[in-house]
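Colleague: I would like to learn how to read a model like this one. Where do we begin?

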Amino acid sequence: MDRDAIERLAMDSACGELNEDAEALLSEYLAGNAEADRWAADVREVCEKTEAAIQKKTKNSGSGLEGAPVAPKPALPVRLWPVTRLAAAVVIAAFIGFAIGHRQESNTTYGPPLPDSASIPKQVRTVADLREQYAGTFWGDKMLAVIEHRPDRRHQAARRAGSLWDRYGKYIKENRHE
Amino acid sequence: MAGDVKKEFQEFWIQTAARVRAYMFCACRNWEDADDLAQDCYLRALRGWSQFNGSSSRQAWLFGIARRTRVDWYRKRKRERPPAHSENLDEFGWVAPGEPDADNVEAVWESVKVLKAEHGQVVHLRFAVGLSYAEIAQALEVPIGTVRSRLHRALKEIRQKIRELENGS
């Protein structure tokens with residue numbers, strides 16, 4: 001075997017990637033070949049030194065995390081934190097706004113003072129008043145149907161009265177002598 | 001997040017967190033950034049937890065995410081801090097400090113720092129994390145043969161560098 005092949009096998013061996021049979025064969029070969037054994041030892045030494053140096057350099061975390069199995073807290077809170085903060089801000093702002101508004105409302109009167117109920121003149125027109133007012137007029141039936149929110153009657157009234165021209169003729173005839 | 005998944009993820013985190021941090025530390029060389037990178041890596045892992053299809057080991061899958069996180073960090077870092085000069089810079093664009101010490105730890109560490117990125121990845125995953133060739137191959141999405149070749153070349157370079165440093169000091 002050439003040097004490259006020996007070095008690769010030695011590296012595999014050092015990394016624990018050789019099975020028992022391959023390991024035994026390699027050991028046997030190296031036992032009978034001093035030069036190959038030196039190459040292999042060289043690779044093993046580099047592997048050991050590299051592992052030792054990296055382990056040493058990466059061991060000292062300074063935060064003690066290795067010994068303390070803490071749950072990965074930041075996972076969800078980090079993602080939800082801006083939303084939660086925004087929601088809290090909205091709630092606080094709404095509460096402050098409501099409180100200020102309520103306080104001002106209790107202290108301040110807007111616009112002209114409201115009249116008391118006794119001073120309001122009784123001019124409220126009821127449907128009955130309107131019916132009385134519009135009965136027999138040109139638009140009477142239709143107007144009453146609109147006022148009473150009865151669209152069916154409105155159409156009935158329109159059908160009963162005939163076309164606009166007929167109704168106009170009838171109206172003129174009835175009111176000619178007045 | 002369902003209770004089972006949360007528990008499962010938590011256990012996984014406890015098993016792997018130290019090694020993920022070590023792997024990140026190999027890239028950024030300070031624990032503060034390593035912690036940030038590890039957190040970012042676990043957030044990505046958590047998002048993709050249910051999409052894991054089992055074609056590789058969970059560990060290899062995680063370190064695949066860790067590798068991508070590191071690459072993203074490196075790119076971002078490079079954009080934010082372009083190197084002022086190209087001499088004596090490590091793979092992350094920083095000036096390589098330090099002199100080798102008696103027990104060779106610094107010499108080896110310096111040698112690892114100046115490795116090509118693809119060789120450095122394999123060395124970190126093997127010696128800092130302890131992944132097998134197969135797991136490294138899955139994490140890096142390369143064939144096992146490539147992992148062996150890269151590791152072999154990396155060890156050769158480290159050996160060469162150590163010799164140079166030893167002869168120079």
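Modeller: Start with confidence: pLDDT is the predictor's confidence in each residue, from 0 to 100. Chain A averages a pLDDT of 74, and 57% of its residues score at least 70.

Colleague: What ground rules apply to the numbering and the values?

Modeller: Residues are numbered from 1 along each chain as its sequence is written, and chains are lettered from A and ligands numbered from 1 in the order in which they are written.

Colleague: In chain A, where is confidence lowest and where is it highest?

Modeller: First, the term: helices (H or I, at least four residues) and strands (E, at least two) are DSSP runs, numbered from the N terminus. In chain A, helix 7 (residues 151-161) is lowest, at a mean of 63. Helix 1 (residues 3-14) of chain A is highest, at 90. Over residues 63-71 of chain A the pLDDT is below 50. Contact means heavy atoms within 4.5 Å. Beyond near neighbours in sequence, that stretch of chain A has 14 contacts in the model. Where pLDDT is low, the predicted coordinates should not be read in detail.

Colleague: Now helix packing. At what angle do helix 1 and helix 2 of chain B pack?

Modeller: Axes are lines fitted to C-alpha atoms, for helices over the stretch in contact, and angles run from 0 to 180 degrees between N-to-C directions. Helix 1 (residues 3-28) and helix 2 (residues 31-47) of chain B pack at about 135°, with axes 8 Å apart. Angles under 35 degrees count as roughly parallel, over 145 as roughly antiparallel, 65 to 115 as roughly perpendicular and the rest as oblique. Helix 1 and helix 2 of chain B are therefore oblique to each other.

Colleague: Which residues meet there?

Modeller: Helix 1 of chain B contributes residues including Phe9(B), Trp13(B) and Phe25(B). Among those of helix 2 of chain B are Trp31(B), Leu37(B) and Tyr42(B).

Colleague: What lies in the loop between these two helices of chain B?

Modeller: Most residues other than glycine have a negative phi, and most peptide bonds are trans. Arg29(B) sits in that loop. Phi of Arg29(B) is near 65°, a positive value in a residue other than glycine. Arg29(B) is buried, with a relative accessible area of 16%.

Colleague: Is helix 6 of chain B enclosed or open?

Modeller: Six of the eight residues of helix 6 of chain B are buried, so this helix is largely enclosed by the rest of the structure. Tyr133(B), Ile136(B) and Leu140(B) are among the buried ones. Gln138(B), also in helix 6 (residues 133-140) of chain B, is partly exposed at 35% relative accessible area. Leaving aside neighbours within four places in sequence, Gln138(B) is in contact with Ser55(B), Ser56(B), Ser57(B) and Ala60(B).

Colleague: How does helix 5 of chain B pack against helix 6 of chain B?

Modeller: Helix 5 (residues 117-129) and helix 6 of chain B pack at about 135°, with axes 10 Å apart. That makes helix 5 of chain B oblique to helix 6 of chain B. Gln121(B), Val122(B), Leu125(B) and Arg126(B) of helix 5 make the contact with Ile136(B), Ala139(B) and Leu140(B) of helix 6.

Colleague: What follows just after helix 6 of chain B?

Modeller: Glu141(B) does, with a positive phi of about 60°. Glu141(B) lies in the loop between helix 6 and helix 7 (144-168) of chain B. At 58% relative accessibility, Glu141(B) counts as exposed.

Notes. This is a predicted model: local features need pLDDT of at least 70, side-chain atom pairs count only at pLDDT 80 or more; totals for chains, interfaces and linings use all residues. Side-chain values use heavy atoms; hydrogens and water are left out. Buried means under 20% relative accessible area, exposed over 50%, partly exposed in between (1.4 Å probe, protein chains only).
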